[in-house]
Amino acid sequence: SQVFAFFFAFRVLQTGKSLRLSKMRFNLNPALVKTLLIIGLPVGLQFGMMGGVRMVVLRLTAEYGTEVLAAAGIGFRILLMAVLPVVAIGIATTTLVGQNLGARKVGRSERCGLQAIVLACGVMVIFGFFTALLAKPLMEVFTKDPGVIQSGVGFLKIVPLSLLFIGFAIAANGVFRGAGNTTPPMVISFLKLLLLFLLAFLLPKVPHLGVKGLWWAMVFAYVLEAGLNGGWFFLGKWKERRVEGDESRIFSLPAES
């Protein structure tokens, strides 16, 4: 499916009206490539740490047996249905904020960011509410094993509480990427991962918590991430970030007729 999508997109670039790949002339601009790496590498590391959260949780969950591990795997996939639309909101926010900052419309870029945050949080709250409410029927769609269902219900009663904070962080990160201000979100993601490591080892040892301590560790880690992202957003330092340069580009496009 990925190979098919690649060749389809490549064909669109060759025949598309807005951008024709066959007419591009590739001119490597070292200064611009350096700028792209400075902006892009923190984003790559940040996405890597996002995957690290799931790896840490699943690794520790495995110690509680295959039923709990299976339940967590199913739970993560259910929550992914909420996260993906919000990721799309974050990508659109990056474009809008970058365009408006480039046009020196700082106030408008901030309004775009606020609207995206409200929209993303709204989507997550609605999805989180219905996920917790319908936890058992949702688990029964994927499995009939009573043990897995019971563990999955516990997962879906707690972890969706973090969706509001995940939505806030994703939308805010879209704002920061649009501003080229990608290092602070990377640092925040690192701090979130550190807190998750700490709580994931401590909370399960609390009496009567057990594996639920892992689920609460995730919630608290995302609360921290949202809080720090919110502080950085409202502080407004990201609006001062500028990606300056000359008129040269990586791709030289032919003038439109």
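Read from the N terminus, the order of elements is α-β-α-α-α-α-α-α-α-α-β. This is a predicted model, where local features need pLDDT of at least 70, side-chain atom pairs count only at pLDDT 80 or more, and totals for chains, interfaces and linings use all residues. Residues are numbered from 1 along each chain as its sequence is written, and side-chain values use heavy atoms, with hydrogens and water left out.

Of the 257 residues in the chain, 40% are buried; that label means under 20% relative accessible area, with exposed being over 50% and partly exposed in between (1.4 Å probe, protein chains only). The chain exposes about 14700 Å², and carbon and sulfur atoms supply 69% of that area (Shrake-Rupley method, 1.4 Å probe; for residues, only the protein chains shown count as cover). As for contacts (heavy atoms within 4.5 Å), among those with a separation of 6 or more, 79% come from residues 24 or more positions apart.

Now to one helix pair. The axes of α5 (residues 135-142) and α6 (residues 146-158) come within 9 Å and cross at roughly 135°; these axes are lines fitted to C-alpha atoms over the stretch in contact, with angles between N-to-C directions running from 0 to 180 degrees. The two helices are therefore oblique to each other, given that angles under 35 degrees count as roughly parallel, over 145 as roughly antiparallel, 65 to 115 as roughly perpendicular and the rest as oblique. On the α5 side, the contact is made by A135, K136, M139 and E140, and α6 brings in V148, I149, G152, V153, L156 and K157. These residues split into six nonpolar, one polar and three charged (Ala, Val, Leu, Ile, Met, Phe, Trp, Tyr, Cys and Pro are nonpolar; Asp, Glu, Lys and Arg are charged; the others, Gly among them, are polar).

E110 sits in helix α4 (residues 106-133) and is partly exposed, at a relative accessible area of 23%. Leaving aside residues up to four places away in sequence, E110 touches F233, W238 and K239. V175 is 65 residues from E110 in sequence, yet the C-alpha to C-alpha distance is 8.3 Å.

Most residues other than glycine have a negative phi. R104, in the loop between α3 (66-102) and α4, has a positive phi of about 65°. H208, in the loop between α8 (183-202) and α9 (212-235), has a positive phi of about 70° and is exposed, with a relative accessible area of 84%.

Terms used
Helix = DSSP H or I, 4+ residues; strand = E, 2+ residues; numbered from the N terminus.
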